[in-house]
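Subject: Structure handover and notes

Hello,

Here is the structure for your files. My notes follow it.

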Amino acid sequence: MAGVISLVTPLPGPRSQALAARRAKAVPRGVPATTPLAIVHAENAVVTDADGNRLIDFGGGIGVVNSGHRHPRVVAAVQEQLEHFTHVCFPVSMYEPYIALAEKLNALTPGTHEKRTFFVNSGAEAVENAIKAARRFTGRQAIVCYEHGFHGRTYLGMSLASKVNPYKLGFGPFMPEVYRIPFPYCYRCDSVKKTPGSCCMASKAAMEQHFASIVDPGSVACVIIEPEIGEGGFMPVPVDYMVALREFCTAHGILLIADEIQTGFGRTGKMFAMEHYDVVPDLITTAKSLAGGLPLAAVTGRADVLDAAQPGGLGGTYGGNPLACAAALAVLDAMAEENIPARAAALGETIRDRFSGWAESVPEIGDVRGLGAMVAIELVKDRASKAPAKELTGKLQAEALKRGVILLSAGTLGNVIRVLVPLTVEDAVLEEGLAVMEAALKAARG
Ligand SMILES: Cc1ncc(COP(=O)(O)O)c(C=O)c1O
């Protein structure tokens, strides 16, 4: 049966090349270009470029279209909202879609306590605001983040970021009072105590020790953690570590912020990744797949924490734009009615099984990991040294693109291939994409 991939020119085709030439003269090189393609249309998991080439999108616009490109409900909701108004500025005059969406996020996020939600425009801005709120509530200044973490490209985002090049190189000085502790990266953990399912850092004593060498817990406003590290390489936090972290934070009056910007909205097989831990964070940041492709981000959390800021202290001109809120309400309806998180769990199993199968004959696959459909492979030169195979990772991406599949890399060491395919991808399209990946892996290894 014919697949959905259709390549009618070598990639990039002449139209993409022409646009790239204009781009080079109009846009700074600091804005990255993972593919050289100019996209003119997208539908569920398939994108079409300006030359008429059709490709499968395993990157989902970096985790933004968990509900698929142009989900019909999202398109209809935005069109409907367009007929009424596109902006009045929520801090000036309120509108129902903003409040309905805040109510939904308050109900859906982990924990039955009283919550509040407010909206901003990007993931980085949500992180900024969650931390701002944590400082205001606790009256403390220090922020604890993790090695391999990524939280955006603003000054606070960069200050929290672990990877220097490209995120921080030459952009300092960074914010003070940011302290970074080791992330429980099981694949690269040398602990002699290492036992599957048990984290050597998941004890009160280990946490006290990490903090003792860098910052007084009594001065810490918040710890920010990605339940599964995203840009840093798709490492899920071990369950016992997350439980111990919650206990440690509670004992020291520290707020726990779960950054669910990449893990959220069904990706890990649950609506929010924190549901895998049965741990309730004080604040949650979301963005990306919240509004199915429209720019929207949210801070959701304890009412007492978020109500601590004075009127005018939170908000902004565009935050909670009505088109984006309408899109997000449609995304959440689709998630519930199509049971998208359950679909993610099933997709994840299929993808993980396939990757694990390849690993039996491909020694460069050092690790296959991830929650639900937030799956990745870590590529190494050999399994004994675990030396990162960054070059092979790039080759695999390039070979996949040549054959019509967009793949994204990740990892502080640049040696991880992550899957962020729309969770609504049709089975046949997923199979076609995986077959391309397998062929590309073979070609990349030479
Ligand atoms: C976990 C996490 N936090 C924050 C961000 C920043 O989001 P944005 O690019 O929308 O500012 C990202 C983006 O990749 C992310 O993955």
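What covers the buried residues of α3? The cover includes α4 (96–108) and α10 (322–337). Before the details, two remarks on how to read the values. This is a predicted model, in which local features need pLDDT of at least 70 and side-chain atom pairs count only at pLDDT 80 or more, while totals for chains, interfaces and linings use all residues. Residues are numbered from 1 along each chain as its sequence is written, and side-chain values use heavy atoms, with hydrogens and water left out.

Helix α3 and its cover

Helices (H or I, at least four residues) and strands (E, at least two) are DSSP runs, numbered from the N terminus. The buried residues of α3 are Val74, Ala77, Val78 and Gln81. They lie on the same side of the helix, because they cover an arc of only 95 degrees around the axis, the arc being that of the directions from the helix axis to the C-beta atoms. An α-helix has 3.6 residues a turn, so residues three or four places apart point the same way.

Valine 78 belongs to α3, which spans residues 72–82. Its relative accessible area is 15%, so valine 78 is buried. Buried means under 20% relative accessible area, exposed over 50%, and partly exposed in between (1.4 Å probe, protein chains only). Leaving aside residues up to four places away in sequence, valine 78 touches Leu294, Leu323 and Ala327; contact means heavy atoms within 4.5 Å.

The pair α4 and α10

These two helices pack at an angle of about 35 degrees, with their axes 9 Å apart. Axes are lines fitted to C-alpha atoms, for helices over the stretch in contact, and angles run from 0 to 180 degrees between N-to-C directions. From α4 the contact uses Pro97, Tyr98, Ala100, Leu101, Lys104, Leu105 and Leu108, and from α10 it uses Cys325, Ala328, Leu329, Leu332 and Asp333. By class, the contact has ten nonpolar, no polar and two charged residues. Here Ala, Val, Leu, Ile, Met, Phe, Trp, Tyr, Cys and Pro count as nonpolar, Asp, Glu, Lys and Arg as charged, and the others, Gly among them, as polar.

Cysteines

A disulfide is taken as a pair of cysteine sulfur atoms within 2.5 Å, and by this rule the count is zero. Cysteine 249 is in no disulfide either, its nearest cysteine sulfur being that of cysteine 222 at 9.0 Å. Cysteine 145 is buried, with a relative accessible area of 0%, and cysteine 249 also counts as buried at 0%.

Backbone points to check by eye

Most residues other than glycine have a negative phi, and most peptide bonds are trans. A cis peptide bond joins asparagine 165 and proline 166, with omega about 15 degrees. The bond from glycine 172 to proline 173 is cis, with omega near 5 degrees. Proline 166 sits in the loop between α6 (155–160) and β6 (178–181), and proline 173 lies in the loop between α6 and β6.

Isoleucine 62, in helix α2 (residues 60–63), has a positive phi of about 60 degrees. Isoleucine 62 is partly exposed, at 33% relative accessible area. Arginine 70, in the loop between α2 and α3, has a positive phi near 55 degrees and is partly exposed at 40%.

Regards
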